[in-house]
Amino acid sequence: MDAQSEFAIIGAGVAGLTAAIALQNLNREFTLFEQAKEIKGIGAGFGLAANAMQALEYIGIREEVEKIGYYLDSFAILDQKGNILVNPNTSKLSDKYAQKNFAIHRADLHLYLLSKVNQDHIALGKRASHLTQKEGYVEIQFEDGSLHRSKYLIIADGVKSPLRQQLVPTSKPRYAGYSCWRATIDNTELNLNRGSETWGNKGRFGLTPLVNKRIYWYACINGPQQNPTFRGYGVQDLKRQFGNYHQPIQEVLDRTLDSDLIWSDIIDIKPLKNFAFGNILIIGDAAHACTPNMGQGACQAMEDVAVLHQELQKQQSVVQAFLSFENRRLSRTKYITDTSKLIGDVAQWENKFLISVRNNLMKIMPDSMNQKALIKLFKEDFMK
């Protein structure tokens with residue numbers, strides 16, 4: 001039976017859209033399926049570290065993405081009184097690797113990536129529910145009852161991917177133990193120009209400037225999964241929670257409306273042992289969703305696409321390219337997932353004695369240790 005497309009991509013998030021751009025660059029034929037009936041910018045902010053910018057350079061869209069991002073020359077970790085615990089020199093390493101660190105609004109990036117994809121190759125309102133591998137193609141079934149056949153399938157439909165779940169039944173999302181509130185607000189009067197994250201016994205609070213005089217903030221609080229109390233939280237509840245934290249946290253919350261809030265539990269997936277399954281490949285959060293504690297979720301999706309782009313050029317077959325992708329990405333993404341989970345666990349401590357020990361250790365940590373950790377992030381292997 002003939003395939004209807006060479007590649008099918010499931011999911012039009014950061015991973016799926018970037019993969020579509022890469023396939024276009026390689027003149028490969030594809031169809032991108034998205035469950036939403038309309039693709040529009042949603043969410044709040046996140047970081048695009050130097051390693052992500054290097055991946056975008058390889059794909060050919062770095063300069064354009066830089067124009068919608070906010071350059072971050074530093075990002076400090078503070079205690080709840082505002083004292084500096086860690087303040088790594090990210091600009092020094094960015095210069096070394098000829099790339100910079102940026103903060104960007106998810107909606108801005110999403111809409112930009114969408115603009116680079118041929119709209120004739122996008123099918124909306126298509127939620128994939130089941131796949132079947134057959135001789136020479138993959139058959140994808142959608143919730144509306146329709147079917148699509150492609151020679152190769154790229155699964156990029158996020159941490160809750162039903163297709164990944166079918167391939168790896170044990171890969172259910174796992175709860176990190178804390179929930180997160182996010183919002184993007186006007187930064188004109190606050191005029192904050194540096195990123196920071198505050199660690200205290202009531203939770204964490206992060207602040208990151210964005211372009212167009214906006215600021216993105218997030219707050220993480222420990223609690224049970226799908227906590228009905230958290231579900232009803234508004235700005236006043238967050239003000240009480242972080243009432244004894246340093247300024248400008250209260251000022252930021254004063255400028256936030258309940259309607260600005262986005263709330264979700266923090267989840268990831270236990271590192272997988274495979275990303276390639278014959279003529280099927282899993283990428284992005286569907287493959288290696290991590291907690292946001294290293295700011296590497298979207299960054300790793302972009303690294304995925306850079307590696308896939310290169311392997312499709314190097315290998316004689318797509319199946320071999322998928323296997324080579326897997327060999328290059330498993331260790332790297334496992335390190336990111338495991339380390340991010342550990343950082344989140346330590347950052348969310350509530351015991352005041354343990355917090356005191358942690359903070360004192362962080363203050364006396366040699367700068368060389370911070371630099372070494374950043375080097376492991378920035379120095380990636382997709383230029384092999």
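Mentor: I'll start with the helix packing and then move on to the rings and a few backbone spots. Keep in mind that this is a predicted model.

Let's begin with α1, which covers residues 14-25. Its partner is α11, residues 297-314, and the two axes lie 9 Å apart at an angle of about 25°. Angles under 35 degrees count as roughly parallel, so α1 runs roughly parallel to α11. As for handedness, α1 passes α11 in a right-handed crossing. On the α1 side the contact is made by Val 14, Ala 15, Thr 18, Ala 19, Ala 22, Leu 23 and Asn 25. Facing them in α11 are Ala 298, Ala 301, Met 302, Val 305, His 309 and Leu 312.

Now pick out Ala 20, which also belongs to α1. Ala 20 counts as buried, with a relative accessibility of 0%. Setting aside residues within four places in sequence, Ala 20 is in contact with Ile 9, Phe 30, Leu 32 and Val 117.

Beyond its neighbours within four places in sequence, Leu 113 is in contact with Val 14, Leu 17, Thr 18, Ile 21 and Ile 61. Ile 21 and Leu 113 are 92 residues apart in sequence, yet 7.8 Å apart in space, C-alpha to C-alpha.

Back to α11, and on to α12, residues 318-347. The axes of α11 and α12 come within 9 Å and cross at roughly 150°. With over 145 degrees counting as roughly antiparallel, the two helices are therefore roughly antiparallel to each other. This crossing, α11 past α12, is right-handed. The α11 side of the contact is Gln 300, Glu 303, Asp 304, Val 307, Leu 308, Gln 310, Glu 311, Leu 312 and Lys 314. From α12 come Val 318, Ala 321, Phe 322, Ser 324, Phe 325, Arg 328, Arg 329, Arg 332, Thr 333 and Ile 336.

Next, the aromatic rings. The model has 13 aromatic pairs. One of them is Trp 181 with Trp 263, a tilted pair at 6.5 Å centre to centre and 35° between the planes. That pair links distant parts of the chain, with Trp 181 in strand β12 (residues 174-186) and Trp 263 in strand β16 (residues 262-268), 82 residues apart. Trp 181 is buried, at a relative accessible area of 1%. Ring pairs also bring in Phe 230 and Tyr 233, linking them with the two tryptophans into a cluster.

While you're on β12, stop at Gly 177, which sits in that strand. This glycine counts as partly exposed, at 27% relative accessibility. Not counting residues up to four places away in sequence, Gly 177 touches Asn 222 and Gly 223. Gly 177 and Asp 345 are 168 residues apart in sequence and 8.3 Å apart in space, C-alpha to C-alpha.

The charged end of Lys 100 sits over the ring of Tyr 71, 4.9 Å from its centre. Lys 126 lies over the face of Phe 142, at 5.4 Å from the ring centre.

Finally, some loops. Asn 191 is found in the loop between β12 and β13, and its phi is near 55°, a positive value in a residue other than glycine. Asn 191 is exposed, with a relative accessible area of 57%. Lys 213 has a positive phi as well, about 55°, and is found in the loop between β14 and β15. Lys 213 is exposed, at a relative accessible area of 56%. Then there's the cis peptide bond joining Gln 247 and Pro 248, with omega about 10°; Pro 248 lies in the loop between α8 and α9.

Definitions and conventions. Residues numbered from 1 in each chain as written. Predicted model: local features only at pLDDT ≥ 70, side-chain atom pairs only at ≥ 80, totals over all residues. Heavy atoms only, no water. Phe/Tyr/Trp six-rings, centres within 6.5 Å; stacked < 30°, edge-to-face > 60°. Helix = DSSP H or I, 4+ residues; strand = E, 2+ residues; numbered from the N terminus. Buried < 20%, exposed > 50% of the residue type's maximum accessible area, 1.4 Å probe, protein only. Lys NZ or Arg CZ within 6 Å of the ring centre and 35° of its normal. Axes fitted to C-alpha atoms, helices over the stretch in contact; angles between N-to-C directions. Parallel < 35°, antiparallel > 145°, perpendicular 65-115°, else oblique. Left-handed = near helix turned anticlockwise from the far one by under 90°. Contact = heavy atoms within 4.5 Å.
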